[in-house]
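Have a look at the sequence and the fold before reading on.

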Amino acid sequence: MGIGRPEGANRWVVLIVLCVSLAIVAIDSTVLHVAVPAVTEDLKPGAIQLLWIVDSYPLVCASLLILFGTLGDRVGRRRILLLGYGLFGVASAMAALAHEPKTLIAARVLLGVGGAMIMPATLSIVRQVFPDRRERALAIGIWSAVAAVGAAAGPLLGGFLLEHFWWGSVFLINIPLMFASLLVGRWLLPESTGDRDGPWDVVGALMAAAGLFGVVLGIKRAGGGEGVVSPMTLVPLLLGALLLVLFVRRQRRRKHPLVDLSLFSRPAFGTSVGCIIIAMLALVGLMLIAAQYLQLVLGLSPLETGLRMVPLTLAAMAGGLTGSSILPRLGPRVMVSLGFCLTAVAVLTLTFMGHEDNLALLLTGFVLLGFGLQTTLFGAYESMLSDVSQGQAGGAAAIGETSYQLGSGIGIAFIGSVMNAAYGPRLDSVPGVPGGDVAAARHSLGEAYEISQGLGSGAGAALRTAARDAFVHGLHVTLYASAGLLLIGALAALRLPRAMDLSASPADEDAAPATSERGLRKTAPAQRDHEALAAESSA
């Protein structure tokens with residue numbers, strides 16, 4: 001199909017280019033987690049600086065998704081994507097060579113900006129180059145599977161690099177990959193724009209960015225142990241919420257809004273966004289607690305913990321890749337609801353985990369969890385994107401990615417709060433352990449283990465046993481809470497369309513002229529046949 005000319009590039013080659021860059025962004029969101037001890041030892045950051053080193057990337061990325069998603073609709077998605085590639089590569093080099101905490105924080109902020117440019121652009125270009133819904137479903141399945149694999153592979157890749165190189169290597173690997181993506185993307189990727197009616201709402205974009213920054217920061221503070229009533233949590237949360245309310249009011253008054261809020265009134269779009277939030281809310285915080293369980297309760301090493309997560313990743317890949325064949329048969333409503341139910345069954349299966357390692361049970365739970373979660377997210381993303389025109393694809397993709405990030409942040413705070421509420425009261429008193437040490441041990445299982453090392457053998461062993469029992473109890477409570485949220489998601493998914501509409505939407509036909517001459521233009525087979533017959537008749 002004319003490989004080598006951007007206007008005729010094969011859409012599957014375009015998908016490969018997009019997925020490679022998406023994998024890099026997804027890996028970078030988790031790869032630093034295993035490098036934190038090495039960064040702390042080398043750069044000696046303070047507690048606040050270390051917090052910003054870890055959180056600045058996802059925080060900035062989540063805040064700017066709507067800004068760059070809608071800007072791509074205005075000035076060109078390919079242009080924004082290529083700028084994101086370049087910025088991500090430069091920021092990676094800056095992070096790899098950082099010699100002080102401030103430089104690393106600045107690099108992580110720039111990485112967040114680059115990630116916010118890349119993530120919605122990849123999904124909106126997928127929406128553009130696959131006008132046929134069956135093919136688009138397969139493409140979104142591949143896209144979602146790559147995102148899941150990238151996030152899961154981050155800790156494994158980071159652990160491997162840290163065993164052989166210094167901590168900066170976790171960023172250095174981004175440079176050649178982003179440089180290659182920039183060159184190939186400039187050559188192959190199509191350019192397209194969305195609706196250009198009226199001026200781009202700069203003030204609204206900045207309000208959305210600042211509001212999301214405050215909300216996500218407040219949520220992260222609450223999930224990080226600050227407490228919901230802490231000023232460090234309430235001030236950014238309330239200011240962010242106020243800005244988002246003003247943003248919504250501004251969009252409703254404008255003739256040409258930055259984000260078409262009427263999209264949320266559509267059952268397919270609004271319900272899909274809600275399902276994404278619920279899925280991430282139920283599971284992201286739970287996976288962090290599961291990682292602590294594997295290491296602190298079962299005594300597995302970080303590498304062994306990562307390997308235990310591999311079946312979950314493979315099952316998520318299978319869910320994304322097979323979703324395109326399941327969706328036309330079941331329809332969005334049944335598929336997403338069943339995905340939620342299957343994930344709830346997986347979570348309830350894991351409640352049988354105790355103090356001893358049960359590999360078969362863990363494997364079963366993780367496989368069901370990965371497949372069910374990815375099936376849910378795939379069905380929700382596909383329904384959301386198919387409910388908008390190509391001209392709205394950038395904004396819709398940004399809303400979907402923002403929902404994912406918000407769900408993740410709220411999930412960490414919510415599940416962490418449930419865990420703390422269930423874990424702490426189980427450590428009221430431990431025979432032979434002073435009350436002050438018991439109170440400190442209630443903060444976390446890791447802290448309880450540290451305190452036990454300073455006690456005598458008998459008291460230390462008693463504290464470790466009591467803390468481990470309390471943690472397992474807390475894990476079971478959080479699993480039940482997650483299962484309840486997933487069942488709520490299954491009920492919410494009943495508002496999705498019953499069947500998958502495979503007919504071309506009029507919105508897409510109206511949006512076709514918005515694609516530039518360098519964009520991919522794919523005529524439906526029936527239309528091409530009709531035009532050919534007409535030409536032959538004329539001859």
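## Contacts and packing

Phe160 lies in helix α6, which covers residues 133-164; helices (H or I, at least four residues) are DSSP runs, numbered from the N terminus. This is a predicted model, where local features need pLDDT of at least 70, side-chain atom pairs count only at pLDDT 80 or more, and totals for chains, interfaces and linings use all residues. Residues are numbered from 1 along each chain as its sequence is written, and side-chain values use heavy atoms, leaving out hydrogens and water.

Back to Phe160: its relative accessibility is 47%, so it counts as partly exposed. The scale behind that takes under 20% relative accessible area as buried, over 50% as exposed, and what is in between as partly exposed, using a 1.4 Å probe and protein chains only. Phe160 and Val170 sit 10 residues apart in sequence, with 9.5 Å between their C-alpha atoms.

Leu188 belongs to helix α8 and is buried, at 3% relative accessibility. Ala413 is found in helix α15 (residues 393-423), and with a relative accessible area of 10% Ala413 is buried too.

| Pair | Separation in sequence | C-alpha to C-alpha distance |
|---|---|---|
| Leu188 and Val17 | 171 residues | 8.6 Å |
| Ala413 and Arg221 | 192 residues | 8.1 Å |

On to whole helices. How do α1 and α5 pack? Helix α1 (residues 11-28) meets helix α5 (residues 101-129) at an angle of about 150°, and their axes are 10 Å apart. Those axes are lines fitted to C-alpha atoms, for helices over the stretch in contact, and the angles run from 0 to 180 degrees between N-to-C directions. That makes α1 and α5 roughly antiparallel to each other; the cut-offs are under 35 degrees for roughly parallel, over 145 for roughly antiparallel, 65 to 115 for roughly perpendicular, and oblique for the rest. The crossing of α1 and α5 is left-handed, a label used if the near helix is turned anticlockwise from the far one by less than a right angle, with right-handed used if clockwise.

What about the rings? The structure has two aromatic pairs. In one of them, Tyr57 and Phe88, the ring centres are 6.4 Å apart and the planes are at 80°, so the pair is edge-to-face. Rings of Phe, Tyr and Trp (its six-membered ring) pair if their centres lie within 6.5 Å, and planes under 30 degrees apart count as stacked, over 60 as edge-to-face and the rest as tilted. This pair ties together distant parts of the chain, 31 residues apart, with Tyr57 in helix α3 (residues 47-75) and Phe88 in helix α4 (residues 77-96). Tyr57 is buried at 2% relative accessible area, and Phe88 is buried at 0%.

Lastly, the cysteines. Cys19 is buried at 7% relative accessibility, and Cys61 is buried at 2% relative accessible area. How many disulfides are there? The count comes to zero, taking a disulfide as a pair of cysteine sulfur atoms within 2.5 Å.

Methods: Helix = DSSP H or I, 4+ residues; strand = E, 2+ residues; numbered from the N terminus.
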